[in-house]
Amino acid sequence: MNTTHVHRPPWQTNPARFRPGHWLGILLFMLCSGFAAETETHWSLQPLRPVAVPDLQDPWIANPIDAFILARLRSEGLPPSPPADAQTLVRRMFLVMHGLPPSPDERIRWESDTKDLVDFLLQSPRYGERWAQHWLDVIRWAETVGFETNSPRPNAWPYRDWLIDSLNADKPYARFLFEQLAGDTVGEDAALGFLVAGPANLPGQIGRDEESMRQARQDELDEVIRTVGQAFFGLTLGCARCHDHKFDPITARDYYSMQAIFAGLRYGDRRWRGTENDRWTAELPEAARKVAALENELGGLQCSLGLLPSLADQQEEQFRPMIATAVRMRINATANGSEPSLYEFEVWNRPTPGEPPVNVALVANGGRSSASSFALENQTRHPDNLNDGTSDPRLAFPWKAAKGGSAWIQIDLKQPTRIDRVTWSRGMSVPVDYEIQIQDSQGSWQTVANTRRRFPRRDDQRKPADLALEDVSPEQQETLAGLLADLRSAQARKTRLAAGPQVYGAVFSTPEPTWLINRGDPMQRVETVPPSAPAALGNWSLGNNSQEPDARIALARHLTNPGHPLTARVIVNRVWQHHFGTGLVTTPSDFGKMGSRPSHPELLDWLAAEFLRTGGSLKRLHRLILESNTFRQANTPRAECIARDADTRLLWRFPPRRLDAEAIRDSILTVAGTLNRKMGGVGFDFFKQKGGLSDYTPHETFPAEGLRRMIYATKIRMQSVEIFGAFDCPDAGQMKPTRSRSITPIQSLGLMNSPFVNHQASLFANRIRHDAGTNLETQVTLAMDHALGRPASPGELLSLKELAGEHGLEQVCRVLFNANEFVHIP
């Protein structure tokens with residue numbers, strides 16, 4: 001290596017640019033938080049300290065990264081590789097940063113200006129689409145719930161769009177992290193999809209006995225803790241659920257203190273605030289006026305014809321205020337003659353002026369429910385379904401009597417309460433003959449409502465319309481039907497506007513106390529614990545009486561404090577991993593004792609400090625790596641280096657690797673000229689259904705919407721995608737911070753024989769014919785340039801011309817899609 005002339009790296013000529021200026025803040029944080037007294041010696045739990053860049057004078061060094069890499073190579077007696085040729089470097093940079101190959105025009109344009117190419121790659125929206133997929137792997141995000149039902153989460157996609165937009169905007173990492181933990185406090189509702197990215201049972205899958213409900217709650221909160229722990233802390237916090245962590249300084253108390261931070265969290269849809277929500281809100285008053293007008297018109301017509309009002313799914317009975325200790329509803333008949341059934345029964349107190357009414361029937365408010373009988377499908381001998389606060393049929397079981405005929409339900413109140421109305425949500429049937437009875441403080445019962453509607457008996461052979469509309473003319477019936485249809489449509493629109501746009505994310509309410517439990521058994525409660533981060537990472541606690549969202553905000557601030565030993569190290573390692581194929585720490589979501597040690601610990605700490613110094617800018621970190629000669633090396637193997645470092649951990653060359661499944665599909669579409677670059681919105685479908693238990697039948701052909709980038713495909717949990725799933729594409733069943741890179745016959749067979757790839761090869765051939773004309777050599781040359789980013793060698797040109805002449809240009813395109821060179825980052 002030529003070192004005859006003195007070459008001073010830029011951090012020596014301009015030291016202020018590269019010297020971190022935040023060490024005083026870090027030291028203060030250490031003293032205040034208890035880091036200085038921490039006795040744990042594991043490398044990742046030690047605070048960041050200033051790292052001196054190796055003082056080397058060598059022309060190979062372009063920035064500090066190269067100095068660290070070269071110093072390690074010299075210590076091992078290995079030389080770095082020469083620079084990659086411009087053709088290879090441009091293709092490498094496009095595939096790493098965009099997951100798409102450059103077009104021939106782009107390759108030619110940027111071969112002479114790879115410095116400005118960095119700007120182009122980072123400013124393009126394709127960057128966010130590529131790098132968002134890496135983060136989705138870490139948190140195993142999907143658009144179905146997983147487990148037995150694998151039901152769809154139709155409103156989950158906004159999180160994916162938020163993620164892409166955040167990366168493209170180069171949102172500072174502290175803000176990026178904060179919004180995913182407490183986005184509801186800053187109007188970023190979609191970001192809360194992070195917390196509920198994992199699988200979870202639906203309420204209907206959970207038994208109604210106390211142990212089942214406690215266990216399910218522990219399971220869903222465990223998914224949240226694992227997501228936060230691995231994604232941000234880089235620690236396996238979930239291992240302390242049943243006992244103290246066997247290897248890392250994480251106790252069971254730490255685990256449940258972390259759980260307390262999210263004690264108010266539930267999985268579900270929440271209002272998605274923003275411009276669309278504002279528009280819906282502005283339209284709501286007019287929608288409400290339309291419903292009221294239609295109700296008045298319909299009611300007037302029904303009254304004039306002697307008809308009863310329409311039955312509603314939710315009904316109410318009001319009465320004079322009175323003191324009650326219990327409320328009973330006796331159902332004598334239903335509209336369809338089937339078993340009495342209700343989703344929810346509510347009893348409302350008579351509030352003092354200025355206070356909101358309270359549903360005193362709720363279990364949470366001390367209400368106790370009972371019933372005359374229970375159907376087997378209730379799954380329990382106790383009807384808490386009636387007063388658990390859930391009336392949405394998608395999320396709850398209704399109470400249902402064991403048989404048709406008369407039945408009753410009863411709510412015993414916690415204490416004598418002044419009430420003035422009850423409401424209920426219909427279950428599998430609508431009560432039409434019922435009584436509402438109230439028990440006073442002396443134990444006497446009084447009927448406050450007795451309603452009977454005229455409907456056919458179960459044994460009556462006539463249709464309901466014959467009874468209800470026997471004196472109404474056909475013209476009047478048509479008018480009624482039209483009004484009912486208009487009213488239902490208007491009510492549906494009003495309901496939709498009132499609810500606002502919905503996004504699947506974490507929903508928060510008043511947190512319940514969190515218990516330290518013995519051996520992970522939710523029935524073995526030991527003591528309540530306050531919200532806090534693991535003690536080994538700094539002592540802070542909000543106390544048992546903290547409210548939403550204070551604990552989540554405190555956690556976000558804890559993680560984004562410059563003195564935190566893990567946050568910056570973990571994220572810069574993830575970025576490094578996807579530039580070079582392997583992180584400086586090869587276990588990117590486990591920086592604990594069972595994880596690997598960094599190959600270049602000083603470089604990792606320097607990158608983390610530099611990342612903090614530059615405001616947590618991911619794009620600046622990308623630029624630093626892309627402009628290093630470490631990244632720009634040739635990938636040529638050398639026997640003497642392989643003998644010492646077969647895995648290229650020391651980076652004596654750029655380590656080539658196979659593309660991810662998404663990049664392979666996207667590259668095929670790009671080269672074929674069929675890629676739809678539409679961004680955002682509801683995803684397209686790989687399968688003929690979006691969720692559920694039955695077999696997933698894949699689509700073999702796609703409309704234009706299905707030719708978007710693969711990140712916009714609806715992600716089905718635990719279901720492998722046809723063809724591309726074989727290329728180690730995660731199924732979101734588990735967190736996948738690193739993908740395996742297997743080599744199997746299925747991969748080759750899929751790319752060679754699948755209808756999708758062969759159809760794209762045909763379209764690729766049509767594109768080449770259109771652009772190159774009829775000359776066979778020109779066609780083959782252009783096809784090579786599009787697919788592999790280089791001209792064909794004389795031998796390749798001869799072989800491909802022969803193939804095209806005998807079997808058609810389509811087969812040449814098919815071969816190029818199956819070339820190792822096509823599916824690898826050079």
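1. D58 is buried, with a relative accessible area of 0%, where buried means under 20% relative accessible area, exposed means over 50%, and partly exposed lies in between, for a 1.4 Å probe and protein chains only. Its side chain meets that of R74 in a salt bridge of 3.0 Å, N to O, a salt bridge being a side-chain nitrogen of Lys or Arg within 4 Å of a carboxyl oxygen of Asp or Glu. Because D58 lies in the loop between α3 (23-33) and α4 (64-76) while R74 lies in helix α4, the pair ties together parts that are 16 residues apart in sequence. R74, for its part, is partly exposed, at a relative accessible area of 41%. Helices (H or I, at least four residues) and strands (E, at least two) are DSSP runs, numbered from the N terminus.

2. On the basis of these values: this is a predicted model, in which local features need pLDDT of at least 70 and side-chain atom pairs count only at pLDDT 80 or more, whereas totals for chains, interfaces and linings use all residues. Residues are numbered from 1 along each chain as its sequence is written, and side-chain values use heavy atoms, with hydrogens and water left out.

3. The structure holds 45 salt bridges. One of them joins E527 and R253, with the closest N and O atoms 2.6 Å apart, and it links distant parts of the chain, since E527 is in strand β11 (residues 525-529) and R253 is in helix α12 (residues 252-261), 274 residues apart. Both ends are partly exposed, E527 at 33% relative accessibility and R253 at 36%.

4. A further salt bridge is formed by the side chains of R709 and D666 (3.1 Å, N to O). R709 lies in the loop between α21 (661-672) and α22 (745-753) and D666 in helix α21, so this pair ties together parts that are 43 residues apart in sequence. R709 counts as buried at 4% relative accessibility, and D666 is buried as well, at 2%.

5. Which residues of α22 are buried? They are Q747, G750 and L751, and, seen down the axis of α22, they fall within an arc of 90°, so they line one face of the helix; the arc is that of the directions from the helix axis to the C-beta atoms. These buried residues pack against β12 (657-658), α21, α23 (755-772) and α26 (809-817).

6. R790 lies in the loop between α24 (776-788) and α25 (794-807) and counts as buried at 16% relative accessibility. Its side chain makes polar contacts with the side chains of E796, at 2.8 Å, and E821, at 2.6 Å; a polar contact is a pair of N or O atoms within 3.5 Å, where within protein one must be able to donate a hydrogen and the other to accept it, and residues adjacent in sequence count only if both atoms are side-chain atoms.

7. The largest nonpolar core has 169 residues, and L181, L195 and V228 are those with the most contacts inside it; such a core is a set of buried Ala, Val, Leu, Ile, Met, Phe, Trp, Tyr and Cys residues joined through side-chain atoms within 4.5 Å. Leaving aside neighbours within four places in sequence, V228 is in contact (heavy atoms within 4.5 Å) with L181, F194, L195, F233, M258, F262 and L555. Apart from this core lies another, of 27 residues, among them A324, L342, L386 and A401.
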